[in-house]
Amino acid sequence: MLKAFYYLLLRDMRLALRSRHELANPLIFFVLVVSLFPLAVMPTPERLQEMAPGVIWVAALLSVLLSLDRLFKQDYEDGSLDQLMLSPNPLVVLVLAKVSAHWLLTGLPLVIIAPLLGVLMALETASLSVLVWSLLLGTPVLSLVGAIGVSLTVAVNRGGVLLSLIVLPLYIPVLIFGANAIDVASDGMSVRGQLYFLGAMLALALSLAPLATAVALRITASR
Amino acid sequence: MPDTKPSLLAADKLECTRDDRMLFSGLSFQLGAGEVVQIEGPNGSGKTSLLRILSGLRRADAGRVQWQGVDIQHTRDDYYANMVYIGHLPCIKADLTTMENIRVLLDTRSQSVSGGQIELGLEQVGLAGFEDVAGKALSSGQRRRVLLAFLLLADARLWILDEPLTALDVRGVDLVESMILEHRDNAGSVVFTTHHGMRLPCEMKSVDLTQC
């Protein structure tokens with residue numbers, strides 16, 4: 001079972017590394033949105049600092065949202081998804097492998113590049129580490145919850161709008177606590193509460209989202 | 001119908017509707033070890049739907065499918081370890097090589113197979129030397145042959161094949177026929193559909209969907 005997890009993770013990583021342009025898209029989107037902001041407003045350090053948490057988090061959220069399609073679309077179109085569902089291994093484990101690969105390929109790069117963008121948005125050093133922590137806890141939730149939405153809409157032609165409608169309401173708590181953590185950090189207060197909340201959401205998503213995704217995939221396949 | 005061999009797969013009063021159209025109902029048949037069943041019917045009669053129900057991908061609107069006497073919904077891991085379903089779709093990743101594609105398919109079934117065995121399998125389906133060719137460079141007939149190699153290597157007792165002759169040339173058709181015969185001789189079972197006339201020199205059950 002662990003082997004099946006590992007092999008599927010490896011397969012998705014390998015596939016992504018062979019079509020790198022797709023891999024770079026969410027990252028480029030993230031960097032572009034955040035770096036365009038200072039150009040569009042009066043870029044005084046105070047103002048940038050004030051906007052930074054929101055801008056960075058919204059950009060990260062949309063960037064993940066845009067990349068969600070990749071999670072199951074190709075496998076659905078070429079029939080590999082059927083084979084995954086016909087695996088003797090539990091579908092939940094395979095779903096978790098796919099979501100992990102998705103996060104490693106989209107969420108993790110965002111986390112790594114985020115401090116640079118934080119500097120660009122004039123965040124202080126103390127807030128930078130909170131920025132990284134909030135993204136590190138928050139982006140896996142985005143991938144996990146997004147997987148539920150994708151598995152429900154993968155069979156729908158141009159299901160993008162539907163996907164956003166399903167997923168965005170569930171993303172909002174992550175956005176609020178993620179951005180708020182950085183806000184609070186720049187005011188010099190303790191961010192424990194916010195980070196604990198993000199951690200709790202991650203634990204919840206990690207335990208429930210793969211189950212929901214597996215069931216949704218079976219429903220999708222049965223049509 | 002009385003069956004001397006114990007049945008591996010049993011369909012019991014299956015019913016399937018699609019967009020408020022009844023495709024079939026009350027469809028029952030049994031499949032024992034070493035038996036071959038051909039599903040017949042015109043386009044849109046529900047052949048693919050039936051195969052997807054048999055494989056457990058789709059739920060029947062009524063009735064059930066049993067694997068060795070147990071509903072397949074309850075014996076999924078055992079059933080899937082012994083069954084291979086090949087549908088219309090190629091399942092081949094454009095960016096992976098033939099070798100990697102087969103390995104990925106076998107990994108999904110938790111089967112580890114050596115590189116030599118895969119080469120042997122590819123040779124049997126006429127793809128010797130194509131190990132390192134990327135999926136996108138293969139023709140559609142060659143992709144079907146990759147799936148046939150997977151089928152040979154998969155070591156499953158039951159094959160469910162949806163239009164296995166699609167995109168294959170004359171020799172490919174011969175290949176599929178001989179594969180099915182050999183599988184049958186090894187006490188394997190096959191359920192398949194095809195539009196092309198496939199003449200198997202063996203006893204074969206047939207299920208006609210127009211009569212269900």
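Helix 2 (residues 20-40) and helix 3 (residues 45-67) of chain A come within 9 Å of each other, axis to axis, and cross at roughly 155 degrees. Since angles over 145 degrees count as roughly antiparallel, helix 2 of chain A is therefore roughly antiparallel to helix 3 of chain A. The crossing of helix 2 of chain A over helix 3 of chain A is right-handed. On the side of helix 2 of chain A, the contact is made by N25(A), P26(A), F29(A), F30(A), V33(A), V34(A), F37(A) and P38(A). Helix 3 of chain A answers with L48(A), M51(A), V55(A), I56(A), A59(A), A60(A), S63(A), V64(A), L66(A) and S67(A). Sorted by class, the residues of this contact between helix 2 and helix 3 of chain A are 15 nonpolar, 3 polar and no charged. The model in which this is seen is a predicted one.

Further along chain A there is another pair of helices to consider. Helix 6 (residues 91-120) and helix 7 (residues 125-153) of chain A pack with their axes 9 Å apart, at an angle of about 155 degrees. Because of that angle, helix 6 of chain A is roughly antiparallel to helix 7 of chain A. The crossing of helix 6 and helix 7 of chain A is right-handed. Among the residues that helix 6 of chain A brings to the contact are V95(A), V99(A), H102(A), W103(A) and G107(A). Helix 7 of chain A contributes residues including L128(A), L131(A), V132(A), T139(A) and P140(A). The contact of helix 6 with helix 7 of chain A has 16 nonpolar and 6 polar residues, and no charged ones.

The loop between helix 7 and helix 8 of chain A holds R158(A). Most residues other than glycine have a negative phi. R158(A) is not a glycine, yet its phi is positive, at about 50 degrees. Is R158(A) buried or exposed? R158(A) has 8 other C-beta atoms within 10 Å, and a residue with 12 or fewer counts as exposed, so R158(A) is exposed.

The axes of helix 8 (residues 160-186) and helix 9 (residues 192-221) of chain A come within 9 Å and cross at roughly 155 degrees. Helix 8 of chain A is therefore roughly antiparallel to helix 9 of chain A. Helix 8 of chain A passes helix 9 of chain A in a left-handed crossing. P173(A), V174(A), F177(A), G178(A), N180(A), A181(A) and V184(A) of helix 8 of chain A make the contact with Q194(A), L195(A), F197(A), L198(A) and M201(A) of helix 9 of chain A. This contact of helix 8 with helix 9 of chain A is made up of 9 nonpolar residues, 3 polar residues and no charged residues.

Chain A also touches chain B. Here 20 residues of chain A are in contact with 22 residues of chain B. On the side of chain A that touches chain B, helix 1 (2-18) and helix 5 (80-85) of chain A each supply at least two residues. Which helix of chain A gives the most to this side? Helix 1 of chain A does, with 6 residues. The residues on the side of chain A that touches chain B are 8 nonpolar, 7 polar and 5 charged.

The remaining features belong to chain B. K13(B) has its place in strand 1 (residues 7-18) of chain B. Phi of K13(B) is positive, near 50 degrees, although K13(B) is a residue other than glycine. K13(B) counts as partly exposed because it has 13 C-beta neighbours inside 10 Å.

Helix 4 (residues 115-124) of chain B has I118(B), G121(B) and L122(B) as its buried residues. These residues lie on the same side of helix 4 of chain B, because they cover an arc of only 100 degrees around the axis. Helix 3 (98-108) and helix 5 (140-153) of chain B are among the elements that cover them. Just after helix 4 of chain B, G126(B) takes a positive phi of about 80 degrees.

P201(B) is found in the loop between strand 8 (189-193) and strand 9 (205-208) of chain B. With 7 C-beta neighbours inside 10 Å, P201(B) counts as exposed. P201(B) is 94 residues from D107(B) in sequence, and their C-alpha atoms are 34 Å apart in space.

Notes. Residues numbered from 1 in each chain as written. Chains lettered and ligands numbered in written order. Predicted model: local features only at pLDDT ≥ 70, side-chain atom pairs only at ≥ 80, totals over all residues. Contact = placed C-beta atoms within 7 Å. Helix = DSSP H or I, 4+ residues; strand = E, 2+ residues; numbered from the N terminus. Nonpolar A, V, L, I, M, F, W, Y, C, P; charged D, E, K, R; others polar. Axes fitted to C-alpha atoms, helices over the stretch in contact; angles between N-to-C directions. Parallel < 35°, antiparallel > 145°, perpendicular 65-115°, else oblique. Left-handed = near helix turned anticlockwise from the far one by under 90°. Buried ≥ 20, exposed ≤ 12 C-beta atoms within 10 Å, placed from the backbone. Arc of directions from axis to C-beta.
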